[in-house]
Amino acid sequence: MEIKIEKPTDKQIESLGIKSWPIWTKEISGFPWTYDDKETCLILEGQVFVTPDGGEAVEINVGDLVQFPAGMSCVWKITKDIRKHYRFGE
């Protein structure tokens, strides 16, 4: 299972309607997580390292548009408080 990261254009952000998605925040911390559904998110603030079970850590930063696949289990290590727009499904 692969975490997909890209730097979206303003046009992509607008066409996906990202600014209308809910916002999630979390302080510096670490925790395990399993994605029941696909998640797409845009990082507004912070930094996190996400390590999929059996995989390598992936660094995620401000401005990254990230897709996490359904069924993926991982560990989040937030190194700078996170603020992100997010959407599940699709």
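Reader: Where does Thr-40 lie, and what makes this residue count as buried?

Author: Thr-40 sits in strand β4 of this predicted model. Its relative accessibility is 2%, and buried means under 20%, so Thr-40 counts as buried.

Reader: Which residues is Thr-40 in contact with, leaving aside its neighbours within four places in sequence?

Author: Thr-40 is in contact with Trp-21, with Leu-65, Val-66 and Gln-67, and with His-85, Tyr-86 and Arg-87. Contact here requires heavy atoms within 4.5 Å.

Reader: How do you know that β4 and β6 pair?

Author: Four bridges are found between β4 and β6, in the antiparallel sense. Pairing needs at least two bridges, so the two strands qualify. Cys-41 stands opposite Val-66 in β6.

Reader: Val-66 keeps turning up. Which residues of the largest nonpolar core touch the most other members?

Author: Val-66 is one of them, together with Val-48, Val-50, Ile-60, Phe-68, Met-72 and Trp-76; the core has 15 residues. The elements that give two or more residues to this core are β4, β6 and β7. As a general point, nonpolar side chains tend to be buried together in soluble globular proteins.

Reader: What does Val-48 touch, not counting residues up to four places away in sequence?

Author: Val-48 touches Val-58, Glu-59 and Ile-60, and also Trp-76, Lys-77, Ile-78, Thr-79 and Ile-82.

Reader: Let's turn to the rings. Why is the pair of Tyr-35 and Phe-68 called stacked?

Author: Their ring centres are 4.7 Å apart and their planes are at 5°. Tyr-35 lies in the loop between β3 (29-34) and β4, while Phe-68 is in strand β6, so the pair ties together parts 33 residues apart in sequence.

Reader: Are these two residues buried or exposed?

Author: Tyr-35 has a relative accessibility of 1%, and Phe-68 has a relative accessible area of 1%. The limit is under 20%, so each counts as buried.

Reader: What makes the pair of Tyr-86 and Phe-88 edge-to-face?

Author: The angle decides. The planes of Tyr-86 and Phe-88 are at 70°, with 5.8 Å from centre to centre. An angle over 60 degrees counts as edge-to-face, so that is the label. Tyr-86 has a relative accessible area of 22% and is partly exposed; Phe-88 is partly exposed too, at 42%.

Reader: How many aromatic pairs does the structure hold, and which residues do ring pairs link into a cluster?

Author: There are six aromatic pairs. The cluster consists of Trp-24, Phe-31, Trp-33, Tyr-35, Phe-68 and Trp-76.

Reader: Now the charges. How do you know that Lys-7 forms a salt bridge with Asp-64?

Author: The closest N and O atoms of Lys-7 and Asp-64 are 2.7 Å apart. The cut-off is within 4 Å, so this is a salt bridge. Lys-7 is in the loop between β1 (4-6) and α1 (10-16), and Asp-64 is in the loop between β5 (58-61) and β6 (65-68), 57 residues apart. Lys-7 is exposed, at 54%, whereas Asp-64 is buried, at 5%.

Reader: Why is the contact of Arg-83 with Glu-45 called a salt bridge?

Author: The closest N and O atoms of Arg-83 and Glu-45 are 3.8 Å apart, and the cut-off is within 4 Å, so the pair qualifies. Arg-83 belongs to strand β7 (residues 73-88) and Glu-45 to strand β4 (residues 39-52), 38 residues apart.

Reader: What makes Arg-83 and Glu-45 partly exposed?

Author: Arg-83 has a relative accessibility of 31% and Glu-45 a relative accessible area of 41%. Buried means under 20% and exposed over 50%, so both values fall in between.

Terms used: Residues are numbered from 1 along each chain as its sequence is written. This is a predicted model: local features need pLDDT of at least 70, side-chain atom pairs count only at pLDDT 80 or more; totals for chains, interfaces and linings use all residues. Side-chain values use heavy atoms; hydrogens and water are left out. A salt bridge is a side-chain nitrogen of Lys or Arg within 4 Å of a carboxyl oxygen of Asp or Glu. Buried means under 20% relative accessible area, exposed over 50%, partly exposed in between (1.4 Å probe, protein chains only). A nonpolar core is a set of buried Ala, Val, Leu, Ile, Met, Phe, Trp, Tyr and Cys residues joined through side-chain atoms within 4.5 Å. Rings of Phe, Tyr and Trp (its six-membered ring) pair if their centres lie within 6.5 Å; planes under 30 degrees apart count as stacked, over 60 as edge-to-face and the rest as tilted.
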